[in-house]
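Me: I am new to this structure. Please pick one part, look at it closely, and then lead me on to what else deserves a look.

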Amino acid sequence: MKSLKMYRINAFTGDGFGGNPAAVLPLEAWLENAQMQTIAAKINLSETAFFVPEGDDFRLRWFTPVQEVPLCGHATLAAAFVIFENDSLKNSIRFRTQCGDLTVTQSGGNLITLNFPRENPIECAAPIELLNGLGKIPYKVLATKNDPNYYAVYDNEIDIREMSPNLSLLERLHPFGVVVTAPGREVDFVSRYFAPSYGIPEDPATGSIHRALAPFWMNASGKLKLHARQLSKRGGEMFCECLDERVLISGRASKFLQAALYYETLFRNYVKTEVN
């Protein structure tokens, strides 16, 4: 019976029950796209990462339960965690992805650092579905050139913690997700992220949105290095540094589960897992 190794890694946390869980499946060769999508749907986490070795590098792809996406931060961190754990001599990885090459490094304190392309948000008009969906009017709405998200900026952390959006309205904004953010009490800024049209009502901890959040709060605070938290129920912690054209996003990760995924014919919907 054919099997694949599967890991469940919690990203952007040192807590075994916190952060953003991602499934990671190392492959020797690519499966069919439909097979990978079926696996991601069956696992039903916000992201499932698949990677294949390419020389000294790795080709990396990410799938939500409903579709493939061009970039995912927490699943990149999770995939890097698996590679570092299985090769203690490695401290740097290059992933080849749809959005270009991404370098990931490991340093002291178990921090893993993602080197991502920077996005510079600018103020934009707010769609009525966004304003009605959030319920509370932000003082500013931002968007970027390459990142399909709206960024709603509020005055304080309480606004973010108490946010209870109408997800059916936010879903109409597809392909845009929605980030809400404000200055933090104990950190430089806080955020939450909603992407219901991608099968993700609220993402627990999202690395990719910090490509835009870090530059915005850098300009607002004058700091090049920023400490951030994502205020989902599971929570997430990020350490960001802005460079000219890149953003360094660092966080910790922990292994929650390692399993063997057995399958005969994915198109017959046969998938089961056996925990080691």
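**Rings, strands and a loop**

Reply: Start with Phe63. Phe63 is buried, because its relative accessible area is 2% (buried means under 20%, exposed over 50%, partly exposed in between, with a 1.4 Å probe and protein chains only). The model is predicted: local features need pLDDT of at least 70, side-chain atom pairs count only at pLDDT 80 or more, and totals for chains, interfaces and linings use all residues. Residues are numbered from 1 along each chain as its sequence is written, and side-chain values use heavy atoms, leaving out hydrogens and water.

Now the rings. A search of the whole structure gives seven aromatic pairs. Rings of Phe, Tyr and Trp (its six-membered ring) pair if their centres lie within 6.5 Å; planes under 30 degrees apart count as stacked, over 60 as edge-to-face, and the rest as tilted. One of the pairs joins Phe50 and Phe63. Their ring centres are 5.6 Å apart and their planes meet at 90°, so this pair is edge-to-face. Phe50 belongs to strand S3 (residues 47–54) and Phe63 to strand S4 (residues 57–63), so the pair ties together parts 13 residues apart in sequence. Helices (H or I, at least four residues) and strands (E, at least two) are DSSP runs, numbered from the N terminus. Phe50 counts as buried because its relative accessibility is 0%.

Phe51 and Phe58 make another pair, with ring centres 5.5 Å apart and planes at 85°, so they too are edge-to-face. Phe51 is buried at 6% relative accessible area. Phe58 is buried at 11%. Ring pairs link Phe51, Phe58 and Phe95 into a cluster.

The charged end of Arg61 sits over the Trp30 ring, 5.2 Å from its centre. That label requires NZ of Lys or CZ of Arg within 6 Å of the ring centre and within 35 degrees of the ring normal.

Next, strand S13, residues 189–195. Seven of its seven residues are buried, so the rest of the structure largely encloses S13. Both faces are covered. Phe189, Ser191, Tyr193 and Ala195 are buried on one side. Val190, Arg192 and Phe194 are buried on the other.

S13 has partners. Two strands pair if DSSP finds at least two bridges between them. Strand S12 (residues 177–183) runs antiparallel to S13, joined by six bridges. There, Pro183 stands opposite Phe189. Five residues separate S12 and S13 in their hairpin. Strand S15 (residues 225–230) pairs with S13 in the parallel sense, over three bridges. Ala228 in S15 stands opposite Phe189. Strand S14 (residues 200–203) is antiparallel to S13, with two bridges. Asp203 in S14 is the bridge partner of Tyr193. The hairpin of S13 and S14 has four residues between the strands, and Gly199 takes a positive phi near 80° there.

Last, a loop. Asp147 lies between strand S10 (140–143) and strand S11 (149–153). Asp147 is buried, at 6% relative accessible area. Its side chain makes a polar contact of 2.3 Å with that of Tyr151. A polar contact is a pair of N or O atoms within 3.5 Å; within protein, one must be able to donate a hydrogen and the other to accept it, and residues adjacent in sequence count only if both atoms are side-chain atoms. Leaving aside neighbours within four places in sequence, Asp147 is in contact (heavy atoms within 4.5 Å) with Glu119 and Arg211.
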